[in-house]
Amino acid sequence: MTLKIADVAYRWPGRAAFSLTVPHLSVATGESVLLLGESGSGKSTLLSLICGTILPDQGKVDIAGTDITTLSGGARDKVRAEQIGVIFQQFNLLPFGSVMDNILLPLRFAPVRRKRAGDATVEASRLCAALSLPLGVTRAKATALSVGQQQRVAVARALIGQPPLIIADEPTSALDANSQAAFLDLLFGQTTTHNTSLLMVSHDRRLGERFDRVIRMEDIAQIERAAA
Amino acid sequence: MILRLAIASLFARALTVGMTILAIALSVALFLGVEKVRTGAKASFADTISGTDLIVGARSGSVQLLLYSVFRIGNATNNVTWESYQDIAARTDIDWIVPISLGDSHRQFRVMGTTQAFFDHYKYRQGRSLALTDGAIMDDLFDTVIGADVAATLGYKIDDPIIVAHGLASFTEHKDQPFRVSGILEKTGTPVDRTVIISMEAIEAIHVDWQSGAQLPGQSTPADVIRGMELTPKAITAALVGVESPLQTFALQRAINQYAEEPLLAILPGVALQELWGIVGIAETALLAVSAMVVVTALIGMMATIFSSLNERRREMAIFRAMGARPVTILSMLVLEAMVMAAIGALLGVLLLYIGLVIAQPILDSAYGLWLPIGAPTIREGTVLLGVVCSGAMVSLAPAMRAYRLSVADGMMVKT
């Protein structure tokens, strides 16, 4: 089991006092899961809990066998660096870095992943080729790429060093329909090859047929808003 | 890699970062420049007179004696009698002695009576001797050698006539005995530049028809008659003394200060110069303080630049966080960035300083007699540069702490 969440409850600090509870969520090794949810359904908070940038008030979050809720902030950052590849909706890349800089960035914080990647620059070039990025793209400035290319570079960055879990937050929403399909083909091609678990969040239910499992936010989580 | 990315990030904001660095560079150049001028001025000041072991005058204060004998500022309260001068000159521990007689003026410049020995023994800027740009040292009784400023201000050339006025800022002139410019001295940056030098005998000569500070009515001795007269001075204003061996300086000083026949004062020029610098040195400290504040202002400007960049860089910080960077890493990246900016600014400032020095050195030397040596950066300057980089790191802690808090709050999600 790559990801296992049990009885997690999180209360937002500050004025807008409302809370999110997730009784159970799991993603098996090599499984691809699509999490459907509208905006404001607590998706982002759930992703932050999984990635360990916020800590639940109670419950357990297991990432590749480690309960990160017992860890310190720094240790959680380490688990995220080693075990999770993250792909955002857009603006994934550091605009001032080259494509190579961007792909190698997570390895800077994850020594084990770096070792697993072997010759990191060779591996980065291999991933770029596998994701149908043009030859020699690694030397280009990140901003010189099209949005679709940037998203694929983000995939390469998430995949390098083969972390067991990929978290993708609406990675296709900035792409047109044709690019979406091509993007998902490439993404699934890589996750299947490396037996990587994939948790993708989206509001687009049409994507569902390509995933092993589709779950809806409202089925796994409850949000309570305190009466004003 | 982080350092490279930090530099790449700086390049991406080249304009604002460049302006910030320029501000730091200018402030550092200003600070080091003031420091250079300060030490240069101090050294030039201390080098106003060198090679002279003692200055002897009538008893007053050491700074006062220094002021009127070397800087031609103020007046002697009393003279030294010719007999006392002869007594001191006759001592065996004395290597050389040069009498100085002051009191008359030409236009705004002081006239100084002295002997040929003055040109041999007056040294400035670590033992440099006076040199003539034009003409020769006075030969005739009514010859005069003028300083560079005198020649430049009044436009005098060799053989021009000069009429010496009695006293300072006076309307009575020694009209009957005009002088001839026989030589013009090189610029020295010392009060000699502003001095009209005549012989001791000439001082006596122009006062032949004078008594108690006024010309005797109707009396005017012709120059030829004066030349035939015995022109031994009755008194001098001060004397510059060189001793046989430096070890004897203090013994001689004590002997002169305890001279029974007349109250005299002997001072060590170096000590008196130090004392005087202690008085005028307050201004330079103020100048240094102001330029230090300019450096602080530039660093605060950098702090503002980093602060204002934080908002547009939240996305960037979120990417770093998503990749597993700790909030401390974000903080240290911003501090590192500030240190890189401060270091580049400081180095650029040094470069500007040297360019400025190369351009200004000859100008300052000829115009003000201020010599600024160009050498490798001193340890003190190195400390200043290090201080700028460290202060840069310190002021950047404020925006870096804010970035830290933002990156903890935002995590990897930026709500835009």
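Reply: The second largest pocket of this predicted model has a volume of about 650 Å³. A pocket here is an open set of points on a 1 Å grid over the protein atoms alone, where a 1.4 Å probe fits, with protein on both sides within 12 Å along at least five of seven lines; the volume is the space filled by probe spheres set on the points, which are joined across faces, edges and corners. Its lining (residues with an atom within 4 Å of a point) comprises 30 residues. Nearest the centre are B:Asn79, B:Ser101, B:Leu102, B:Ile203 and B:His207. Two or more lining residues come from each of strand 3 (94–106), helix 7 (200–206), strand 12 (210–211) and strand 14 (235–236) of chain B. Strand 3 of chain B contributes the most, four residues. Helices (H or I, at least four residues) and strands (E, at least two) are DSSP runs, numbered from the N terminus. The lining has 13 nonpolar, 12 polar and five charged residues, with Asp, Glu, Lys and Arg counted as charged, Ala, Val, Leu, Ile, Met, Phe, Trp, Tyr, Cys and Pro as nonpolar, and the others as polar.

Chain B splits into domain 1 (2–45 + 283–410) and domain 2 (54–267), with bounds from an automatic or database assignment. The C-alpha centres of these two domains of chain B are 52 Å apart. Seven residues from domain 1 of chain B and four residues from domain 2 of chain B make the contact (heavy atoms within 4.5 Å).

Chain A has an open sheet of five strands in the order 6-7-8-3-9, paired in parallel; strands pair if DSSP finds at least two bridges between them. Strand 6 (84–87) and strand 9 (213–216) of chain A are its edges, each pairing on one side only. From one strand to the next the twist averages 20°. Strand 3 (residues 32–36) and strand 8 (residues 197–202) of chain A run parallel and are joined by five bridges; A:Val33 stands opposite A:Leu199 of strand 8. Helix 1 (residues 43–51) of chain A packs on this sheet, touching strand 3, strand 6, strand 7 (165–169) and strand 8 of chain A, and its direction makes about 155° with that of strand 7 of chain A. Axes are lines fitted to C-alpha atoms, for helices over the stretch in contact, and angles run from 0 to 180 degrees between N-to-C directions.

Five strands of chain A also form an open antiparallel sheet in the order 5-4-1-2-10. Strand 5 (66–67) and strand 10 (222–225) of chain A each have a single partner strand, so one side of each lacks a neighbour in the sheet. Helix 1 of chain A lies across strand 1 (3–11), strand 2 (18–27) and strand 4 of chain A, at about 120° to strand 1 of chain A. Five bridges hold the antiparallel pairing of strand 1 and strand 4 of chain A, where A:Gln58 of strand 4 is the bridge partner of A:Ala9. Strand 4 (residues 58–63) and strand 5 of chain A pair antiparallel over two bridges, and A:Ile63 stands opposite A:Thr66. These two strands of chain A form a hairpin with two residues between them, and A:Ala64 in the turn has a positive phi of about 50°.

Residues are numbered from 1 along each chain as its sequence is written, and chains are lettered from A and ligands numbered from 1 in written order. Local features need pLDDT of at least 70 and side-chain atom pairs count only at pLDDT 80 or more, while totals for chains, interfaces and linings use all residues; side-chain values use heavy atoms, with hydrogens and water left out.
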